[in-house]
Amino acid sequence: MTGDAKTLQAIKFDRDNITLDILDQLLIPYATKYISIESIEDAFQAIKLMQVRGAPAIAIVGAFSIVMETYSNLKKSQEKSRTIDDLVKSIHYLITARPTAVNLSNACLDIEKLILKEFKKEDSVDQHTFDIIYQYSVALYDDDLNNNFKIGDNGLRYITETLKAQNFTGPFSIITICNTGSLATSGHGTALGIIRTVFNKLSKDAGEKFWLDHVYPCETRPYNQGARLTTYELNYEGIPSTLICDSMASSLISTLSKQRKVKNLIAPVKFIIAGADRIVENGDTANKIGTFQLSTIANYFNSNSDKESGIKFIIAAPRTTIDFKTKTGDGIIIEERPSHELTTLNGPVLTNNGVGGKQTVGIATPGIDVWNPAFDVTPHELIDCIVTEDENVFVKNSKGEFNLNV
C-alpha cells in the first residue's frame with residue numbers, strides 16, 4: 001500500500017484477523033508505504049534494514065512477528081507442527097537483529113520464559129502457545145502506549161520544576177537527536193513524547209512565566225533519522241522547529257545564550273532530550289551515535305555558566321529499556337553498521353513533477369576504511385535526569401549516583 005497521506009502509525013496489528021503491517025521508514029518523509037510482516041525472518045530483515053527502528057517499536061514488532069509465525073504454523077495443519085525448541089531457536093535468532101537495543105531482547109526472552117513455563121522443548125507449538133504469545137504481545141503494545149503518555153507527563157513536570165527552580169522566564173528551546181516519537185514506539189514517543197506534551201501544556205498562553213518556543217532536531221548522521229523522521233513528526237504536529245546538523249549544536253547553544261538571533265529566534269536552549277536503546281544499572285545509557293557528544297556539549301556550557309542558566313540533559317525511555325544485568329556502559333555491545341551508510345546517500349530523486357525513484361550517490365573516497373558504530377554510551381555523570389513511566393523521575397544522589405532499582 002502506497003500513498004501520499006501522512007501518518008504517524010508505525011505499527012498496524014489487526015487483533016482479529018491477525019495481520020501485521022509496518023510503516024517502511026526508509027521512505028519517510030517522501031512516501032507512505034506499509035509492508036507486511038508474516039514471520040520472524042520478515043521482522044529480522046525489517047529491523048536489520050531499519051525499515052522499523054526505535055527500541056520500543058523494534059521490541060513490539062519483534063513480539064508481534066513471533067505471534068505471526070506461530071499463527072502461520074497453526075494454519076498449516078496439514079504439515080507437522082514445529083516444536084517449542086524450534087520456536088525458541090528462532091526467537092534467539094531474532095534477538096541478533098539489533099543486539100544493542102535491550103527492549104527487543106527483553107521481549108523475546110520474556111516470551112521464551114512464558115512458553116517454557118508451560119511446555120517442554122519437544123512439545124509441538126499449538127493454540128495455547130499462540131494464546132500465550134498473543135496476550136503478551138498485545139499487552140506489550142498497550143503498555144508501551146500508556147507508558148509513553150506517562151513519560152510525557154513526568155518529563156513535563158521535571159522541566160516545569162527545573163525552570164521554576166532556576167527562576168527562568170521567557171521562551172526556551174529544546175535540542176533532540178534521532179527519532180523517539182510515534183514512529184519509534186507504539187505512539188506519542190519517549191523523548192519526542194516529552195516534547196509533544198511540553199509543547200501542548202507549556203504554550204505561551206498556558207499561564208506560566210516560561211514557554212516552549214522552538215525545537216532543534218539534529219540531523220543524526222549517517223542515517224538521518226532526525227532529518228527524515230523527527231522533522232516529519234514535528235511538522236505533522238505543528239511544533240515550531242529548525243533542523244540542524246549534528247555538528248551545529250555547540251554553535252547554536254552559544255549563539256542563543258548570548259541572546260543573538262538564529263533565524264530571528266532568541267529562545268535559549270534549556271534542555272537536551274534523548275531516548276535510549278539500553279540503560280544499565282548505574283545509569284550509563286546507549287543511544288544513537290552523537291548522544292554522548294551532546295551530553296559533553298551541555299556539560300561544557302554548564303561548567304562555564306551559573307546554575308540559573310544551565311542546560312539539563314535528559315534521557316527518556318520506558319523501564320523495559322533498563323538492563324539491570326549490566327553494571328556499567330562498558331558492558332554494552334555496540335552494533336557496527338555497514339560502511340556504505342557513511343560513504344553513500346540513498347534517497348528519492350526530487351523533481352518538479354514530484355518524487356521519483358530512489359538513487360544512491362557516493363559522498364566519500366571509494367574503498368575508504370570506515371568505522372560506523374550505530375550507538376554511543378553516555379556516562380551517567382553527564383545525565384541529569386532519567387524519565388520513565390514511574391511517577392518519580394530518576395535524579396542522582398549527593399554522590400552523583402543513580403538508583404534505578406527503586
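Where does Asn 224 lie? Asn 224 sits in the loop between E6 and H7.

First, some ground rules. This is a predicted model, where local features need pLDDT of at least 70 and side-chain atom pairs count only at pLDDT 80 or more, while totals for chains, interfaces and linings use all residues. Residues are numbered from 1 along each chain as its sequence is written, and side-chain values use heavy atoms, with hydrogens and water left out. Helices (H or I, at least four residues) and strands (E, at least two) are DSSP runs, numbered from the N terminus.

A cis peptide bond joins Arg 221 and Pro 222, with omega about 5 degrees. Asn 224 is not a glycine, yet its phi is positive, about 60 degrees. Most residues other than glycine have a negative phi, and most peptide bonds are trans. Is Asn 224 buried or exposed? Asn 224 counts as buried, at 14% relative accessibility. Buried means under 20% relative accessible area, exposed means over 50%, and partly exposed is in between (1.4 Å probe, protein chains only).

Now other loops. Which residue has a phi near 70 degrees? That is His 188, a residue other than glycine with a positive value. His 188 lies between strand E5 (170-176) and helix H6 (191-201), in the loop. His 188 is buried, with a relative accessible area of 11%. Then there is Pro 29. Pro 29 has its place in the loop between strand E3 (19-23) and strand E4 (32-36). The peptide bond from Ile 28 to Pro 29 is cis, with omega near 10 degrees.

On to the helices. Take H2, residues 55-75. Helix H2 has 21 residues and reaches 30 Å from its first C-alpha to its last, close to the 30 Å expected at 1.5 Å a residue. The expected span is 1.5 Å times one less than the number of residues. How many residues of H2 are buried? The count is 17 of its 21, and H2 is mostly covered.

Next, helix pairs. Axes are lines fitted to C-alpha atoms, for helices over the stretch in contact, and angles run from 0 to 180 degrees between N-to-C directions. Angles under 35 degrees count as roughly parallel, over 145 as roughly antiparallel, 65 to 115 as roughly perpendicular, and the rest as oblique. Contact means heavy atoms within 4.5 Å.

Pair one is H1 (residues 40-48) with H3 (residues 84-95). Their axes come within 10 Å and cross at roughly 5 degrees. That makes H1 roughly parallel to H3. From H1, the contact uses Ile 40, Glu 41, Ala 43, Phe 44, Gln 45 and Ile 47; from H3, Leu 87, Ser 90, Ile 91, Tyr 93 and Leu 94. By class, that is eight nonpolar, two polar and one charged. Ala, Val, Leu, Ile, Met, Phe, Trp, Tyr, Cys and Pro count as nonpolar, Asp, Glu, Lys and Arg as charged, and the others, Gly among them, as polar.

Stay with H3 for a moment. Ile 95 has its place in this helix. Ile 95 counts as buried, at 17% relative accessibility. What does Ile 95 touch, not counting residues up to four places away in sequence? Its contacts are Leu 104, Ser 105, Cys 108 and Leu 109. Ile 95 and Ser 105 are 10 residues apart in sequence, and 5.5 Å apart in space, C-alpha to C-alpha.

Pair two is H5 with H6. They pack at an angle of about 60 degrees, with axes 8 Å apart. That makes H5 oblique to H6. H5 brings Ile 151, Gly 152, Asp 153, Gly 155, Leu 156 and Ile 159; H6 brings Gly 193, Ile 194, Thr 197, Val 198 and Lys 201. The classes here are five nonpolar, four polar and two charged.

The axes come within 10 Å and cross at roughly 30 degrees. That makes H8 roughly parallel to H9. Ala 249, Ser 250, Ile 253 and Ser 254 of H8 meet Leu 294, Ile 297 and Phe 301 of H9. These residues divide into five nonpolar, two polar and no charged.
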